[in-house]
Protein chains: 2
Amino acid sequence: MNNLKTITVLFRAYNSLEKMIRDDVFQYGLNVSEFSVLEALYHKEKLSVKGVIDKVLVPNSSMSYVIENLVKKNYISKNKSDIDKRSFYLQLTDVGKSIMDRIFPIHKKNMRSILDVLDEKEEEVLQKALIKIGKTSKIVKQ
Amino acid sequence: MNNLKTITVLFRAYNSLEKMIRDDVFQYGLNVSEFSVLEALYHKEKLSVKGVIDKVLVPNSSMSYVIENLVKKNYISKNKSDIDKRSFYLQLTDVGKSIMDRIFPIHKKNMRSILDVLDEKEEEVLQKALIKIGKTSKIVKQ
DNA sequence: TGTAAATATTTCGAATTCGAAATATAATTA
DNA sequence: TAATTATATTTCGAATTCGAAATATTTACA
């Protein structure tokens, strides 16, 4: 192919999904960044700040701000690591956990209901293609 | 499928591409929003503010700001429409046009070099899948 | 035709995001 | 082991982004 339509539709799909998630989690007083962090910790139990950054793909300076807000809201705890004193580890608090127990299943159902317009095979191919693109653009970037 | 991996890899792919574009157009003193507007006008010659919003998928309040900056930089002109006096039409200035003549081919080549890790068929399937997702999430949203 | 609803755009204030530089600690290496 | 380099995180100031409300004009329709 010789045009950028794929980029356009990728950006559109992203935008739609992002807006959906934004509107969804807004009901719970969260923004997308905050939700992403909670989601990462919901699946991983314990992560360093760096660990979250690697998952969520937000610059570290932004992440500090996001984490600060989540701590203020008492959704996560942040403790100095004993092993590496530069590092902090993050965990959901009980409040955070119960919020996520409530939100996540709904969020997942919403997202799945969109993905389910694709059949199994299509989704597989889509995934593979996106992974390739994600990887390549990371290499080209450097 | 029963997980959100597709969402994750979609967000990752988007992030990589977006960061690439950001770093690329930064050299020319542009941010991604500004570049997107220029790109829309590069292909369409003349568009109303609303026309650009529909293409670029940015809230109108944000768009006012982006357009204001592009006018300040003298990359686009903005004129009241005679037909509909609520409306303004936007066009690239000569400066804007020559900037885009310089940037766009490089941008296109960069983007294509990423997309070209996919073969023709894969890219086609990817496009179709993304279009479906974009459409669906728009419907669910309302 | 007059009034209400719809549409295009801007204004406003607040929140978020960013990159660059600073800080603190750890790892490497001479 | 001291000095250098690498890594984790925060701070800072500026730019961008957002949604909600305001403004101006057009359209619908009673």
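Which element gives the most to the surface near DNA strand D? That element is α4(B), with five residues. The model is a predicted one, in which local features need pLDDT of at least 70, side-chain atom pairs count only at pLDDT 80 or more, and totals for chains, interfaces and linings use all residues. Residues are numbered from 1 along each chain as its sequence is written, while chains are lettered from A and ligands numbered from 1 in the order in which they are written.

**Terms for elements and classes**

- Helices (H or I, at least four residues) and strands (E, at least two) are DSSP runs, numbered from the N terminus.
- Ala, Val, Leu, Ile, Met, Phe, Trp, Tyr, Cys and Pro count as nonpolar, Asp, Glu, Lys and Arg as charged, and the others, Gly among them, as polar.

**Surface near DNA strand D**

- Around DNA strand D there are 24 residues, of which A:V49, A:K50, A:S61, B:S61 and B:K85 come nearest; a residue is near a strand if its C-beta atom, placed from the backbone, lies within 6 Å of it.
- Two or more residues of this surface come from each of α3 (49-56) and α4 (60-72) of chain A and α2 (32-44) and α4 (60-72) of chain B.
- By class, the surface near DNA strand D comprises eight nonpolar, ten polar and six charged residues.

**Surface near DNA strand C**

- DNA strand C has 23 residues around it, and A:S61, A:K85, B:V49, B:K50 and B:S61 come nearest.
- α2 (32-44) and α4 of chain A, with α3 (49-56) and α4 of chain B, each supply at least two residues here.
- The largest share, five residues, comes from α4(A).
- The surface near DNA strand C divides into eight nonpolar, ten polar and five charged residues.

**Contact between the chains**

- Chain A gives 41 residues to the contact and chain B gives 42 residues, two residues being in contact if their C-beta atoms, placed from the backbone, lie within 7 Å.
- On the side of chain A that touches chain B, α1 (5-26), α5 (94-115) and α6 (120-141) of chain A each supply at least two residues.
- α6(A) gives the most to that side, with 17 residues.
- That side of chain A holds 23 nonpolar, eight polar and ten charged residues.

- The same surface serves both copies, as 100% of the contact residues of chain A recur in chain B.

**Helix α2**

- α2(B) has 13 residues and reaches 18 Å from its first C-alpha to its last, close to the 18 Å expected at 1.5 Å a residue; the expected span is 1.5 Å times one less than the number of residues.
- The buried residues of α2(B) are B:F35, B:S36, B:V37, B:L38, B:E39 and B:L41 (buried: 20 or more other C-beta atoms within 10 Å of its own, C-beta atoms being placed from the backbone).
- In chain A, A:E39 lies in helix α2 and is buried, with 21 other C-beta atoms within 10 Å.

**Sheet of chain B**

- Three strands form an open antiparallel sheet in the order β1-β3-β2 (chain B); two strands pair if DSSP finds at least two bridges between them.
- The edge strands, each pairing on one side only, are β1 (47-48) and β2 (76-80) of chain B.
- B:S48 stands opposite B:Y89 in β3(B).

Methods. A residue is buried if 20 or more other C-beta atoms lie within 10 Å of its own, exposed if 12 or fewer, and partly exposed in between; C-beta atoms are placed from the backbone.
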